[in-house]
Amino acid sequence: QFEGKDLDGNSVSSSLFADNAFTVVNFWFSGCKPCVDEMDDLNALNQRIQEQGGEVIGINTETLMQRGNIAAARQILEQAGAAFRNIYFDSASDAGKFRPRHYGFPTTCVVDRQGNIVGEPIMGGIDNEDNAAALQKLIDEALAQSQQ
């Protein structure tokens with residue numbers, strides 16, 4: 001559960017999961033080269049999965065700790081041409097407490113319509129063929145659940 005904002009200042013909450021058949025959530029930070037390198041892949045994924053009722057959401061973990069990092073995150077997204085939504089929220093929220101469990105970046109997970117994580121989070125970039133295949137499997141699983 002969380003309430004927060006996107007990087008443009010619009011309010012968001014965990015209800016965004018209910019609006020999507022599934023949501024791909026990508027945790028990244030500004031100084032992470034693999035994180036920044038996969039932004040174009042995430043943007044392409046977002047465009048592709050919208051047809052299936054899905055959405056990619058980015059969470060720059062530095063924006064959870066220091067709101068001053070929002071401008072840096074926005075700049076990276078702009079330079080990468082990444083138009084998918086990025087959000088931030090209180091690090092003391094349930095979602096914020098999930099973040100410290102990540103030991104590698106980037107980390108990507110799939111969340112179903114009820115806000116449950118499907119399968120295990122994927123450590124490393126989705127530009128890696130094995131990670132891309134694992135992500136697609138999780139998306140397929142979440143999509144099948146949403147159609148039941």
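**Cysteines, a helix and a strand**

Mentor: Cys32 is buried, and so is Cys35. Keep in mind that this is a predicted model.

Trainee: How many disulfides does the structure hold?
Mentor: One. The disulfide joins Cys32 to Cys35, with 2.3 Å from S to S.

Trainee: Which hand does the link of Cys32 and Cys35 have?
Mentor: The link is right-handed, with 75° about the S-S bond.

Trainee: Switching to α2. Which of its residues are buried?
Mentor: Helix α2 runs over residues 39-49, and its buried residues are Met39, Leu42, Asn43, Leu45, Asn46 and Ile49.

Trainee: Why do those buried residues line one face of the helix?
Mentor: Looking down the axis of α2, they fall within an arc of 160°, so they line one face. In general, an α-helix has 3.6 residues a turn, so residues three or four places apart point the same way.

Trainee: And what covers the buried residues of α2?
Mentor: The cover includes strands β3 (22-28) and β4 (54-60), along with helices α1 (33-37), α4 (70-80) and α6 (129-146).

Trainee: Now Cys109. Where is it, and is it buried or exposed?
Mentor: Cys109 sits in strand β6, residues 107-112. Its relative accessibility is 2%, so Cys109 counts as buried.

Trainee: What is Cys109 in contact with, leaving aside neighbours within four places in sequence?
Mentor: Thr23, Val24, Val25, Phe27, Ile117 and Pro121.

Trainee: How far apart are Cys109 and Glu120 in space?
Mentor: 7.0 Å, C-alpha to C-alpha, and eleven residues in sequence.

Technical notes. Residues are numbered from 1 along each chain as its sequence is written. This is a predicted model: local features need pLDDT of at least 70, side-chain atom pairs count only at pLDDT 80 or more; totals for chains, interfaces and linings use all residues. Side-chain values use heavy atoms; hydrogens and water are left out. Buried means under 20% relative accessible area, exposed over 50%, partly exposed in between (1.4 Å probe, protein chains only). Helices (H or I, at least four residues) and strands (E, at least two) are DSSP runs, numbered from the N terminus. The arc is that of the directions from the helix axis to the C-beta atoms. Contact means heavy atoms within 4.5 Å. A disulfide is a pair of cysteine sulfur atoms within 2.5 Å.
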